[in-house]
Amino acid sequence: MSYQLTRPTRLGLEEFARLAGIHPDLVRRFVVLGLLEASTDSSGALWFVPGQLARVARIRRLRAGFALNYASLGLVLDLLDRIAVLEAERRRAARTGARTWI
Amino acid sequence: MPPAEDFYSVLGVSRGASADEIQRAYRKLARTYHPDVNKDPAAEERFKQISEAYDVLSDPSTRQRYDAFGPDFRRVPEDADPATWGRARAGSSRARSSRSWEEEGFPEGVRFSTGSAEGIDLDDLFGGIFGGGGRRSSRGPISGPDQEVELELTVEEAYRGGTRKLTLEGPGGVRNVDVRIPAGVVSGQRIRLAGQGGQGSGGGAAGDLYLVVRIAPHPRYRLDGRDVIVDLPLAAWEGALGASVPVETPGGQATVKVPKGSSTGRRLRLKGRGLPNPRGTPGDLYAEVKLMVPHRLTREEERLFEELAGTSKFNPRRSR
């Protein structure tokens, strides 16, 4: 087992697919379906931020758990993201904003 | 492995449930306990049980084998005869077991295919992400989901910080985690415990566990962010004449100077005596004046108040 000294800020398709444990073609398909965010450089190669690895894990868990197709997974992911944002906002409001008479 | 619970009760269906009922029960439970939907650490284990139960009961042939042989069905050779097996089991372990499949006997007309009793691929049965999900999931490591639990603290604990022993449920049973709570946490703040969340599968890393702080209601203190508000009961004459009185704060006793002419509702600030702030200025403590009069007056007190009433022109109901 080897350890990286610094975390790379972006990952190429092959490296990303290897770390995610899925085939590069599937990664590409996820990007086309809008399930993963990727940037494209001038040569057309895809680049990923490491945070997207957790998203692949979530896609695979949800797919295994619910037998969802990839299109409906996109909706589920968006809704879960929105819930996370709303919950964070609610926490922030509890922390700084309105008085809480507790 | 935790003690095997009956698969039918895991799904909440009767032993005679139809395939549709089993599927319906599973879908409902999966939506409730899926670790990406339910962030409670206890949901992870529950979801595994639900998936394993569904995996077994949704397949007619494994369901038959489960009905016949019980939780050990995977260890029973595929060509075993249920009746013979049942007698052997009953003889060896009658005393400890009262499972219903023994009491009910074996279903009529159950036939078992006599295939080659090749070794059951345990990796296929348990290697999937969630219990028996092996067939439905692709191979390769999947990192675990993040989880959240609420951490209830008293105002004093939030003030002082310190360590807290947490007991977490998870696969592999209950584990204890020591958590360092920074001084001055507030409600809604999250404390991240890296790698303490949901388990990964196939060698994937575990997710993170977030403790969401909630500060418990306190009999004396109210919180507004990092400011602490506390009632300051004063005798009517202390409010009128001014006084120096002790007040309890989360950090210990402090003295508050009440200026002359303080009525109920006036807030006296003790700067920096609220909750500490690890990144900036601490909150303030506000002592909120609450004027009190004796419930029962002595003869002398009554005389003095009557004298005051006769002398004073003060009318609190007249607008200033």
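## Around B:Gly239 and the cores of chain B

If you leave out neighbours within four places in sequence, B:Gly239 is in contact with B:Leu234, B:Val258, B:Ser262, B:Ser263, B:Val289 and B:Leu291 (contact: C-beta atoms, placed from the backbone, within 7 Å). This is a predicted model, where local features need pLDDT of at least 70 and side-chain atom pairs count only at pLDDT 80 or more, while totals for chains, interfaces and linings use all residues. Residues are numbered from 1 along each chain as its sequence is written, with chains lettered from A and ligands numbered from 1 in the order in which they are written.

B:Gly239 counts as buried because it has 22 C-beta neighbours inside 10 Å (buried means 20 or more other C-beta atoms within 10 Å, exposed 12 or fewer, partly exposed in between). Its C-alpha atom sits 6.7 Å from that of B:Leu291, 52 residues away along the chain.

Here are some of the elements involved (DSSP runs numbered from the N terminus: helices are H or I, at least four residues; strands are E, at least two).

| Element | Residues |
|---|---|
| H9(B) | 236–241 |
| S8(B) | 243–249 |
| S9(B) | 252–258 |

B:Gly239 belongs to H9(B). S8(B) and S9(B) pair antiparallel over 7 bridges (pairing takes at least two DSSP bridges), and a hairpin of 2 residues joins them. Within that pair, B:Pro246 stands opposite B:Thr255.

Now the cores: the largest nonpolar one has 23 residues, and B:Val155 is among those with the most contacts inside it (a core is a set of buried Ala, Val, Leu, Ile, Met, Phe, Trp, Tyr and Cys residues joined through C-beta atoms within 7 Å).

Definitions and conventions. Two residues are in contact if their C-beta atoms, placed from the backbone, lie within 7 Å.
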